[in-house]
Amino acid sequence: MKFIQKHLVLLILFLSLLCSFNTNAQEQITVEGIITDAQTGESLIGATVIIKNTTSGVITNYEGHYKFGGLVPETILQYSYIGYESQELVVGSKTIIDIQLQPSSKDLEAVVVFGENQKDIRTITGSVGKIDTKVFSAGTPAGSFDQLLQGQVAGLAIQSSGEPGEKASIRIRGNNSLGIRAKDDAELVSANRANEPLYILNGSPISSDVFNTINPDDIVDIRVLKDGLSTVEYGTRGANGVIEIKTKRGIVGETQYNVRYQHTVKPISGLGGISLMQSSEKLALERELEIVSGLGFIYTPTPSDSEEEAFIKNKRYRQLESTSTNWLKELSRIAQVKDLQLSISGGADDTRYYLSTSYYDEQGGFDNSWAERFTTRFNLDHNFNDDVSVGFDSSVGRSKRSKSHSSPASLIYTLQPYETANSDDFIARNPITIGGQYFENPFDELNGRYSDYTSWRVDLNSRLNWIVSEAFNANASFGITYNDSENNSVTLANKLVQDAGITKGKGAFNKNESKSLASRLNLSLDFRKRFNDHSISVSGGTEYIHTKNWGFGFNSIGISDKVDPEIGANPNATISTAKFYDALLGFYLRGNYNFASKYNVTGSFRYDGSSILPEDKRFVPAWGLGASWNIQKESWFEQFDVFDQFKLRASYGVNYNSGGIRQTLGLPFYDFTNNDTYLGDRVINLVEFWNPDLKFERARQWSLALDFGLFDHSIYGTIEAYVKNTDDLLAAVDIPASNGYSDLLRNIGKLRNQGIELQLSAVTIRTDHFRWTTNINFAYNDNEITDLYLQDEIKVGSEGYFKVGEPINSAYVKYWAGVNPENGMPLYYDENMNLVTGGVAPQMTGFGTYTHPVTGGFTNIFNYHDLEVSTLFTYAWGGVNYNNLKARMIRNVKNGEVPYEGFYNDIWLKPGDVKPLPYPKFFSDTSVNSLFVENASYLRWKNIIIRYNLSEQLKIKGITAFKITAQANNLLTITGYEGIDPEITGIGQPLPRSFTLGVDVTF
Amino acid sequence: MKKYIQSLKIALCALVFLSSCDLLDITPDHVVPEEAAFSDVDSYQMALNNVFRKMTSSVMNMQSTDFASDDFSSVLPGYAPTNYYIYNWDYQTQPQPFIWSYQYQLIAQENVLIGNYSIVPANDETEQKEIDQIYAQALGLRAWSLFNLVQLYAPHYTGENGAEAAIPLKLKLDLEYLPRASLTEVFQQIYSDLEKAEQLFVDTDYAPSSTRKAYQFGLDAVRALQARVALFAGDLDKAKDASAHFIHTPLLSKETYWMLWEDQFGTANKEIIFMTHDLSDTDDADLVDYHEMYVTNNVSLSDELMTSFSADDVRKEASYIGPNQMPYKHIIPVNERNSQPDRNLHYKHFRLAEQYLIYAEAVLESAPDEAMRVLNLLKEARGAELLTQAPTKLDILNERRKELFAEGLRFYDLKRLSSELNIVVQRKDGKVLTPNSPLYIWDIPKEETNSNPYIN
């Protein structure tokens, strides 16, 4: 019912908007449009639009968009931006006027505003993907901005978890390091770390753990550095790609106040493609399988029953059959998300500033699942004089989120459809029969064990820019980032657990605090010189980053229910502390030579030293070379005049990745700080098994790209091919267990990623009142292990498998051959296609890979007068996912768990049955099995966003924009995958569908 | 131009300044490198504490091997299917038994002590003795881990098959890829470690305090292990010599039998040779060992075992498994002496009674009357019917079964004697474990074979 109401509201709103267009027939004209760079198509922020020969004008906002009212058809508008050639235009009858400004100077010449270079000269030869501000300011309210990156840049793969405030997993151009498909969270975290790109927020490196303290609305753009050359400037940290996040700065001009509120409703989601078994089928199944813990079995009359007993049993059985509890619905709630943003931006002459604050409050699908964020940011730029400018940027963010240790999605399989929340003869939840289930009331389980995470982030950055002379320009920047995070884990007292002899039953509380302070100093000197057609720029500098980490925690068992459980301390509490420092020192030099804006050569070098490596191999050099050729500037190319741009570029770079290397991995170290005691005495332990031969992983990457612009700036595109060879791959691989340790981080081999990326943005239709913009991106990545040094295969754990010639992340499973009709036991194939039984069945590859080779997305934006409709689709193709839920259902049904509807018909029950699934009592094997490997290709309709600017209709003085927005997310997924969601590994819930209404006022 | 040079100078100075300080020399101060860690005897002792602490974990005792024996008549997979697989002698299906990994983890911690023995400085002779005794315990413990591994993962050592491949001999902490050593090599290592340990204890006048005695792997434990190893290796003389150290120590009486389990520190209780302190009153022992057996796997005891106890045998109660009844060996029942429901026992790895049994078996052929006398001492102490004529080997085996139930020795006994006594273990579904069956040799798990090129 709620759904329908929601849809109705949307529909009415939409219709009322359409009707309101009629009021547009007035003499005075309002025009709007987007001002972009003619070469790259990037929008220009703060460009001015004035009526010729007057001072009356407007400026473009963070989206490069302007709106100018009160004009007449004869008005001549003048468009200008520093470093670009101005354009003039008569308004006429148009309401949408988009302008592409031509850069006035050669590529290399700086467009310097407040000491900041506005042009990203790395794009001349390197591959830098850019995500516009619109994605963040007009996108879905999100607990963490990384959730918004999906489908935006070719070669950037995002997998989000759907939990409030939880970060997504991000990969640039495939997995560079080996990572194994993660079965549990802890494994996932360690696999993520080694493959994670480097994140830079306004110049300072940040950890993905603080993403949820960043306000997405503050982000002006995100640049994704993909190739080997542009990442050289990050030296030993750049091999997995770099994501640079830049936040908004003030726009000189009249002060703009912006208030935005968005309200989102997330209805209770279903289980994707799965429906759970209903009461009658479940009871019959329990009867059939003699599940002694099930009521179906218990109320089955036996020949020895008296007439009365049989009567009672039958009566009860019928009662149970008629009960049908939807536990997911019982345990879940409709969630609300509130998102409020306030910002002030402005400036005059030599000063500009930006101030923002935001509050975000997201509910998850049940009580203990939520996230909250408060942020504020202030920055100021000032030009002392023509030569010296300073900038200051500060931000504070606090995020808090809570997560229950179980969830409705993990509990529902243990709750019977024939029981209700008030049942007291429940059986499935009886801890004596079912190991590991210690609750009578599922709400106790949902609310009794949870963790909350609070983190504070304070950033302070200052910058000084001094134009020493025409050729020299010196920069200094200094910044500190302070993080303080607190992780509390609460286990409330539980009588059942206590009775089972588990000490945590008395209640437990665990608190971990960690703090880090990173200081960064960057000094650089730029040199630029032009002689006729030749221009040279050289930039060199040094960077020092020092990070201090401290930790403190305590763990106490037995908490009183008379105080807040999070106070937790008691006489038996044990404490733990940690402290470690590390530092990085880098020197870099970058040079560029350009001839007549046609030919361009770039070289980049960085020499990085890291304190985490032993002294003799501390410094590592990273370097890259690139060249570009603007073919459209050649005279012979003039005949192809459909091309505005036709540029070929190539680059090669050598980078390093230190992912996962810790100082304590190099030598045997002992831990004297643990809490463990034996008979009251301390124990010491080896911190971890060591590997004295560890070195940084090295990536060498070739890229070849063609940038083109077509049909008078209506299409911009890039086609790019790359080959990335990584050697000395870092991976935590198995070592023989006879060493007493089972895995170790080692440099194990070589890997090649190669692929093609296509990025296209087109104004498909542009009329005087209508514009249709399309952005398409497509990435194909193929990876292959090319060398494993002395071995030809490496096995990791029970399902990780690396073999020369195979992609990493291949499914390595037993080959399911079906069910033996004689006895209901599972059968498998061996390598020679002979039938074998479970225990001896070999694992093999050939069932696909868990990473999709093809990923991408496409966005369409339609503008008509004041209405904008945009919609995003994302897709991934060619990979498989392991249907863990199905595996669990088949394995645990004998313990009383609830499988999917129709399961009864799929299982073998008596000799002669030919069924797809084995007799559940004979199926406990947890090893991976090709039966559960399913194609996980999908196409997802990610969102549709409708924005309408009402300011024309409202005509409230001073209000320049009054936008209302309506949007819907995760509307539809087309997939052949039979689990919950093709993007989710493990057992979880599908990405939640949500509906948002918002209002956005600028004055 | 001058200006350029000036600014270049500034920049250069800045660079030189930055690089000249030792900006990157950060040594970790939250952890301690090897030399510093073992710079005193106290720290050396802490590393030994670590081994004992590790052994308190329920997965560290050998009890899961009992699932492979004939002591249980039914086992459910539940949520702990590994025990169920062991019950079915299926050592391949995931999750595989963890004994291999865990015993080698212990060996690694023991090798920390053995490998660093030479670097621990002693200030005086007393300290040197302490160091030697810690070292001796580590040697004894490693011998024990190796013994457990060779019992499970290698063929039974008959004395003649010494050339057969056994297990990797992991004798130092460093990363190694080891092939399987031969049975002879493994047993030689075990014997030599034990002899060395015994010698060190004797030379240093080992005299532990009575409260700590049973918690140390001291002289008694080393000799008890010597006796156990020798019995399983068929070296009866050695078994007799080692166990002879114990048979003059009195057993508890039938009336005071409860003390064995409940009064671990009583002066009357001399039956405990080595035990580990239970941690179930801390958060370190989440799932106590009996939990899996009685709750998750819901085992039933073999009828044959239950009926073999005579009416007055006090051990029957201690072994009995039934609804809400857990044997003494794991948990102290609520009774007049104990009101706390979840009190675990300190796990007893070596007991006096086993030494009586080893002695009886070792002298059975040479002095059957002596065997009967010693066996009767035990039987009397337990309230069992006394023997009136010299026992057979089967009599002794049956006594071992009753006395040592759920202590991880039954499967070893079957492996050792099933061929001689023609014992066949049969499961309800028809699966059988015949004498000399390959099922007596457990499969080396994936954790080893995945990455060890010499073992597959």
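Predicted model: local features only at pLDDT ≥ 70, side-chain atom pairs only at ≥ 80, totals over all residues.
- On the chain A side, strand β30 (residues 669-671) is joined to β33(A) by 2 bridges, and the two run antiparallel.
- Here Asp671(A) has Asn685(A) of β33(A) opposite to it.
- Across the chain boundary, β30(A) and β1(B) are also antiparallel and are joined by 2 bridges.

**Where chain A touches chain B**

- The contact between the chains involves 68 residues of chain A and 68 residues of chain B.
- Strand β26 (residues 574-595) of chain A supplies the largest share of chain A's side, with 7 residues.
- Sorted by class, that side of chain A holds 32 nonpolar, 25 polar and 11 charged residues.

**Chain A as a whole**

- Chain A contains 13 helices and 52 strands.
- Its radius of gyration is 31 Å, which agrees with the value near 30 Å that a compact globule of 1003 residues would have.
- The C-alpha trace of chain A spans about 105 × 75 × 65 Å along its principal axes.
- Buried residues make up 47% of the 1003 in chain A.
- Looking at contacts in chain A with a separation of 6 or more, 69% are between residues 24 or more positions apart.

**A glycine in chain A worth a look**

- Gly272(A) lies in the loop that runs between β17 (253-266) and α4 (279-289) of chain A.
- This glycine counts as buried because it has 20 C-beta neighbours inside 10 Å, and 20 is the number at which a residue counts as buried.
- Setting aside residues up to four places away in sequence, Gly272(A) touches Gly979(A), Ile980(A), Asp981(A) and Pro990(A).
- Thr973(A) is 701 residues from Gly272(A) in sequence, yet their C-alpha atoms are 9.2 Å apart in space.

**Chain B as a whole**

- Chain B has 18 helices and 7 strands.
- Of its 456 residues, 51% count as buried.
- For contacts in chain B between residues at least 6 apart in sequence, 66% link residues at least 24 apart.

**Nonpolar cores**

- The largest nonpolar core has 134 residues, and those touching the most other members are Val150(B), Tyr153(B), Val186(B), Leu225(B), Tyr356(B) and Ala360(B).
- Helix α6 (residues 125-153) of chain B gives the most to this core, namely 15 residues.
- Beyond its neighbours within four places in sequence, Leu225(B) is in contact with Gly140(B), Ala143(B), Trp144(B), Leu194(B) and Phe350(B).
- Another core, of 34 residues, lies apart from this one and includes Leu149(A), Ala168(A), Ile170(A) and Leu201(A).

How values were computed. Residues numbered from 1 in each chain as written. Chains lettered and ligands numbered in written order. Helix = DSSP H or I, 4+ residues; strand = E, 2+ residues; numbered from the N terminus. Rg over C-alpha atoms; globule rule 2.2 N^0.38 Å. Buried ≥ 20, exposed ≤ 12 C-beta atoms within 10 Å, placed from the backbone. Contact = placed C-beta atoms within 7 Å. Pairing = 2+ DSSP bridges. Nonpolar A, V, L, I, M, F, W, Y, C, P; charged D, E, K, R; others polar. Core = buried A, V, L, I, M, F, W, Y, C linked by C-beta atoms within 7 Å.
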